[in-house]
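Dear colleague,

Please find the structure below, handed over for your records. A short account of what was found in it comes after.

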Amino acid sequence: MAAVSLSVSTVKPLGERVFVKVSAAEEKTAGGILLPDNAKEKPQVGEVVAVGPGKRDDKGTRVELEVAVGDKVLYSKYAGTDIKLGTEEYVLLSEKDILAVVS
């Protein structure tokens, strides 16, 4: 098998999928207590780095996605596929798993 070299610029989502860079997990609680690595929750906020062309409707025309590259989004906790490229963490998920765009 040939080795595949992945980078953010080489990943292009298909259909209605979105490639999101995961934001860093919280290091402290609201009360100031430092959290160990195994106590940190999986972040649910990230920045969109790539989007697919959109899904096709019943007539065969493309329906564009509501999110765009650069949007900060809130997504479902256990949604998507986790991908690690270098030291950065990403998640590939469907647009339906995005709950909101955060301003």
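Predicted model: local features only at pLDDT ≥ 70, side-chain atom pairs only at ≥ 80, totals over all residues.

Residues are numbered from 1 along each chain as its sequence is written, and side-chain values use heavy atoms, without hydrogens and water.

Six strands form an open, antiparallel sheet in the order E6-E7-E1-E2-E5-E8 (strands are DSSP runs of at least two residues, numbered from the N terminus; two of them pair if DSSP finds at least two bridges between them). Strands E6 (81–85) and E8 (98–102) are the edges, each pairing on one side only. Strand E2 (residues 45–51) is joined to E5 by 3 antiparallel bridges; Val 45 has Leu 74 of E5 as its bridge partner.

The largest nonpolar core has 11 residues, including Val 18, Val 48, Val 73 and Ile 98 (a core is a set of buried Ala, Val, Leu, Ile, Met, Phe, Trp, Tyr and Cys residues joined through side-chain atoms within 4.5 Å; buried means under 20% relative accessible area, exposed over 50%, partly exposed in between, with a 1.4 Å probe and protein chains only). Strand E1 (17–22), E5 and strand E7 (88–94) each give two or more residues to this core, and E1 gives the most, with 3.

Leu 74 lies in strand E5 (residues 72–75) and counts as partly exposed because its relative accessibility is 30%.

Note on methods: Helix = DSSP H or I, 4+ residues; strand = E, 2+ residues; numbered from the N terminus.
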